Amino acid sequence: MNGTIHITEAALASLIGLTAHEIPGVVGMAPANIREGIQRVLGRAQSRDGVVIGREEGRYTADLYIVLAYGVSIPTVAGNIVERVEHVVKTQAGIELAATRVHAVGVAHA
């Protein structure tokens with residue numbers, strides 16, 4: 001194969017955000033920072049909102065800020081998110097994440 005493929009952090013964050021939305025028990029993503037919060041108020045939410053991509057020792061990390069459905073097991077849903085996100089990122093982007101952290105920031109009625 002000639003050439004190289006570069007996957008941007010924005011594309012990686014979008015892939016992770018879309019994957020997290022598919023997990024039963026996830027109501028949505030929460031703003032990860034003030035900028036995302038303002039964009040949501042202005043109606044500019046994106047699939048990568050609630051996902052922060054970082055680097056540790058040269059490898060990507062992912063922090064997901066999620067809102068869960070009332071009554072679900074938070075540890076179970078968080079574990080499902082980590083498992084699914086790591087699988088999808090590896091199979092669809094060819095990237096192994098150094099860490100995947102789920103931050104449950106809210107609970108809402110689904």
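## Overall fold

A residue is called buried here when its relative accessible area is under 20%. By that cut-off, 36% of the 110 residues in the protein are buried. The model is predicted.

The protein contains three helices and four strands, and their order along the sequence is α-β-α-β-β-α-β. Among contacts with a separation of 6 or more, 68% join residues 24 or more positions apart. The exposed surface comes to about 6,600 Å², and carbon and sulfur atoms supply 53% of it.

## Helix H1

Helix H1 covers residues 9-21, 13 residues in total. From first C-alpha to last, H1 reaches 18 Å, close to the 18 Å expected at 1.5 Å a residue.

The buried residues of H1 are Leu12, Ala13, Ser14, Ile16, Gly17, Thr19 and Ala20. An α-helix has 3.6 residues a turn, so residues three or four places apart point the same way. The cover over the buried residues of H1 includes strand E1 (26-29), strand E2 (51-56), strand E3 (59-69) and helix H3 (74-93).

## Salt bridges

Side chains of opposite charge can pair when their charged atoms come close. The protein has three salt bridges. Glu56, Asp63 and Arg101 are linked in a network of them.

Aspartate 63 and arginine 101 meet through their side chains at 2.9 Å, N to O. Aspartate 63 is buried, because its relative accessibility is 11%. Glutamate 56 is partly exposed at 36%, and arginine 101 is partly exposed at 32%.

A further salt bridge joins the side chains of glutamate 96 and lysine 90 at 3.6 Å, N to O. Lysine 90 has a relative accessibility of 47% and therefore counts as partly exposed.

## Threonine 100

Threonine 100 belongs to strand E4, which spans residues 99-108. Its relative accessibility is 12%, so threonine 100 counts as buried.

Leaving aside neighbours within four places in sequence, threonine 100 is in contact with Ala62, Leu64, Val82, Val85 and Glu86. With glutamate 86, the threonine 100 side chain also makes a polar contact, side chain to side chain, at 2.9 Å.

Technical notes. Residues are numbered from 1 along each chain as its sequence is written. This is a predicted model: local features need pLDDT of at least 70, side-chain atom pairs count only at pLDDT 80 or more; totals for chains, interfaces and linings use all residues. Side-chain values use heavy atoms; hydrogens and water are left out. Helices (H or I, at least four residues) and strands (E, at least two) are DSSP runs, numbered from the N terminus. Buried means under 20% relative accessible area, exposed over 50%, partly exposed in between (1.4 Å probe, protein chains only). A polar contact is a pair of N or O atoms within 3.5 Å; within protein, one must be able to donate a hydrogen and the other to accept it, and residues adjacent in sequence count only if both atoms are side-chain atoms. Contact means heavy atoms within 4.5 Å. Accessible areas come from the Shrake-Rupley method with a 1.4 Å probe; for residues, only the protein chains shown count as cover. The expected span of a helix is 1.5 Å times one less than its number of residues. A salt bridge is a side-chain nitrogen of Lys or Arg within 4 Å of a carboxyl oxygen of Asp or Glu.
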